[in-house]
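Subject: Handing over the structure

Hi,

Here is the structure I promised to pass on.

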Amino acid sequence: MSVLSYQDIIRELGRGILFHPLKPGSVKACDLCLTASEYAYAIGQQKRLTIETESNQDQPGKEKKFFYIPPRDTALVWTDESVWLSNRFRGPLYSVVEPVSEGLGHIGTRVNPCWTGILCIALHNVSDKAIRINVRDVKRPIAYLAIEKLSSKYSSNRNSDISARLDLLRGRLNSQEITDYFNQKENTWMKGDTEILKKLMLDSDEYKEISRKGFKDALLGFLGSSEDTRWNRVSIIGAIL
């Protein structure tokens, strides 16, 4: 089993990995950033968490959205991104240091081979103060998703888990609004429609940009860091062509 690097992840986008929406900074050195959506449910308070807004200094004219996880409570937080992994990969999730240092519990879960859909991540606030979670913020994600290549393919091409894990809301008070949102026809890409998920990703400007950058980085890596090495290898390529 091996962990995919930045370049490996980019090469697999559209092949063994789907990830939408991509954002500038979604792909790190060897991880994908998972950010919070606007949908989160506090288990202790038995209600959807309220979205608050403030002015965004980085993007004037746009609002920054966030919510608070109540003290000593657990929030089910659905990711803004939908993920699909082929039967060649799995994905462990890792905590982000800054919010953990403020009082969030560690994350211990994974994305199985052939998973498709958004993720539901349980965030435990073990502190005595409310903890802020930013929405769609790659600078402050709620988890990192590493991608591991299996030593052999998973025997099935089907997802054995429940996409989006809306089953966790079954029987809970004040949760119907969240269920209704993810069950809307236009949101099928969030719950397992891999074909639409792939089309949305491939058509996005973010995917096209990251693909161009990945190709450029790979080319520069092949050509080498010194000018002499680059010219020698360009000459070799020209001679072959």
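Which strand gives the largest share of the lining of the second largest pocket? Strand 11 does, with five residues. Before the rest, a word on what you are looking at. This is a predicted model, in which local features need pLDDT of at least 70 and side-chain atom pairs count only at pLDDT 80 or more, while totals for chains, interfaces and linings use all residues. Residues are numbered from 1 along each chain as its sequence is written, and side-chain values use heavy atoms, with hydrogens and water left out.

**Pockets and the cavity**

Rolling a probe the size of a water molecule over the atoms shows where empty space is left. The search runs on a 1 Å grid over the protein atoms alone: a cavity is a set of points where a 1.4 Å probe fits but cannot get out, and a pocket is an open set with protein on both sides within 12 Å along at least five of seven lines. Lining residues have an atom within 4 Å of a point. Grid points are joined across faces, edges and corners, and a volume is the space filled by probe spheres set on the points.

Back to the second largest pocket: its volume is about 330 Å³. It has 17 lining residues, and T109, R110, C120, I121 and R165 lie nearest its centre. Strand 10 (109-111) and strand 11 (116-125) each supply at least two residues of that lining. (Strands are DSSP runs of E with at least two residues, numbered from the N terminus.) By class, the lining splits into nine nonpolar, five polar and three charged residues. Here Ala, Val, Leu, Ile, Met, Phe, Trp, Tyr, Cys and Pro count as nonpolar, Asp, Glu, Lys and Arg as charged, and the others, Gly among them, as polar.

The largest pocket holds about 600 Å³ of space. Of the 15 residues lining it, N56, Q59, V135, R136 and D137 are the closest to its centre. Its lining has 10 charged residues, along with three nonpolar and two polar.

There is also one cavity of 30 Å³ or more. About 50 Å³ of space lies in this largest cavity, and the residues around it include V96, P99, L104, L123 and I142. Its lining has eight nonpolar and two polar residues, but no charged ones.

**Strands and how they pair**

Two strands count as paired if DSSP finds at least two bridges between them. Four bridges link strand 7 (residues 63-69) with strand 12 in the antiparallel sense, and Y68 has R132 of strand 12 as its bridge partner.

Now for strand 4 (36-42). Seven of its seven residues are buried (under 20% relative accessible area; exposed is over 50%, partly exposed in between, with a 1.4 Å probe and protein chains only), so strand 4 is largely enclosed by the rest of the structure. Strand 4 runs antiparallel to strand 8, joined by four bridges. Strands 4 and 5 make a hairpin with four residues between them, where Q46 in the turn has a positive phi of about 55 degrees. Q45 is in that loop too, and is partly exposed at 41% relative accessible area.

Strand 8 (residues 73-85) also pairs with strand 2, antiparallel and over four bridges. I17 stands opposite L85 there. In strand 2 (residues 17-20), I17 and F19 point one way and L18 and H20 the other, and all are buried.

**Cysteines**

How many disulfides are there? Zero, by the rule used here, which asks for a pair of cysteine sulfur atoms within 2.5 Å. As for the cysteines themselves, C33 is buried, with a relative accessible area of 0%, while C30 is partly exposed at 32%.

Cheers
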